[in-house]
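User: I have a model open and want to learn how to read it. Can you take me through its features one by one?

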Amino acid sequence: MKLLSFLYNGQPGWGAQQGDEVAVLTGRWPDLAAALQAGPQAIAQALRGDAPRLPLAGLQYLPPIVAPGKILCVGLNYGRHVAETGRELPAHPSLFIRFADSLVGHQAEVWRPMASARFDFEGELAVVIGKAGRRIPAARALEHVAGYTCMAENSVRDFQKHSAQVTPGKNFARSGALGPWLATADEIPDPAVLQVVTRLNGEVMQDGRVDDLIFPIPELIAYISTFTPLAPGDIIATGTPEGVGARRTPPLFMAAGDVLEVDIPGVGRLVNPVADEPAACTEENPHG
């Protein structure tokens, strides 16, 4: 199944993509995170009923999980990406937090912030938790995965480097994206075989296999669940492959008018135009 969240005529909803339509399941569960708590079999059973249909073409995509309880991101997790930075392989996962309002959905504009011109692309595979757990053994970790989605994790490089904490460079409003949908785990029995491709204006910038992860997905889930409980709808961004703009010669950063794509065959293709943050974003009107 491919499960998505959307706005239609200004009203939020969610459902399952079926061809060029979406089978709407908002009447059964208020949002996708709530449905994940019921489990994939319950969602599949609901789809066998008479769910109303809407054309995909008329929807405004939202991030598949609109208000995740946690968004945990892993830095420097692809071996070849670590090599291009000139650093040593880490002994433990490097983790940071993203806020939900730093992400938009498929086809929505991502914003290059007014505060910086060093807006870098980072395509990633994101894991969505479907089954709650704490201290989850790596051998059973994939049992806790609801599915996978594409993430434009992106970085504002100068703010990322202001200190040892990367949080400021990772949380500018609308600087990243998630979507277009959640591909359920039954469609992807082995995420290690997935390919993560990032394109800027149609040109391939990043092309990495998930089996290059220093800390594979089961190890990440085991490590993270050691210090915090994971809940349905929580998101783990697994890291970005080599080829980021900051490590190119000369450096390459995103600007207004660019189009960013994160393409993970078998999962989806996330497309977002890049725009400058509106000057209307002020103290009184933070979202423009």
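This is a predicted model: local features need pLDDT of at least 70, side-chain atom pairs count only at pLDDT 80 or more; totals for chains, interfaces and linings use all residues.

User: Which other strand is joined to β12, and by how many bridges?

Analyst: Strand β11 (residues 123-129) is joined to β12 by seven bridges. These two strands run antiparallel. Here Leu125 stands opposite Cys150 in β12.

User: Is strand β12 mostly covered or mostly exposed?

Analyst: Mostly covered. Strand β12 spans residues 145-152, and eight of its eight residues are buried.

User: Next, salt bridges. How many are there?

Analyst: The count comes to 13 salt bridges. Take Lys2 and Glu187: their closest N and O atoms are 3.1 Å apart. Lys2 lies in strand β1 (residues 2-8) and Glu187 in the loop between β14 and β15, so the pair ties together parts that are 185 residues apart in sequence. Glu187 counts as partly exposed because its relative accessibility is 35%.

User: What about Glu122 and Arg157?

Analyst: Their side chains meet in a salt bridge, at 2.9 Å from N to O. Glu122 lies in the loop between β10 and β11, and Arg157 in helix α4 (residues 157-160), so this pair ties together parts that are 35 residues apart in sequence. Now check burial. Glu122 has 5% relative accessibility, so Glu122 counts as buried. Arg157 has 8%, so Arg157 counts as buried too.

User: How do Glu261 and Arg269 meet, and is each buried or partly exposed?

Analyst: Their side chains form a salt bridge of 2.9 Å, N to O. Glu261 counts as buried because its relative accessibility is 13%. Arg269 counts as partly exposed because its value is 43%.

User: Which residues are joined into one network by shared partners?

Analyst: Arg98, Asp120, Glu122, Glu153, Arg157 and Lys170 are joined by salt bridges that share partners.

User: Last, empty space. How do I find that?

Analyst: Rolling a probe the size of a water molecule over the atoms shows where empty space is left. This structure holds one cavity of 30 Å³ or more. The largest cavity has a volume of about 30 Å³.

User: What lines the largest cavity?

Analyst: The lining residues are Tyr78, Arg80, Asp207, Gly208, Arg209, Asp212, Pro241 and Glu242. Strand β16 (residues 203-209) gives the most, with three residues. By class, the lining has two nonpolar, one polar and five charged residues.

How values were computed: Residues are numbered from 1 along each chain as its sequence is written. Side-chain values use heavy atoms; hydrogens and water are left out. On a 1 Å grid over the protein atoms alone, a cavity is a set of points where a 1.4 Å probe fits but cannot get out, and a pocket is an open set with protein on both sides within 12 Å along at least five of seven lines; lining residues have an atom within 4 Å of a point. Grid points are joined across faces, edges and corners, and a volume is the space filled by probe spheres set on the points. Helices (H or I, at least four residues) and strands (E, at least two) are DSSP runs, numbered from the N terminus. Ala, Val, Leu, Ile, Met, Phe, Trp, Tyr, Cys and Pro count as nonpolar, Asp, Glu, Lys and Arg as charged, and the others, Gly among them, as polar. Buried means under 20% relative accessible area, exposed over 50%, partly exposed in between (1.4 Å probe, protein chains only). Two strands pair if DSSP finds at least two bridges between them. A salt bridge is a side-chain nitrogen of Lys or Arg within 4 Å of a carboxyl oxygen of Asp or Glu.
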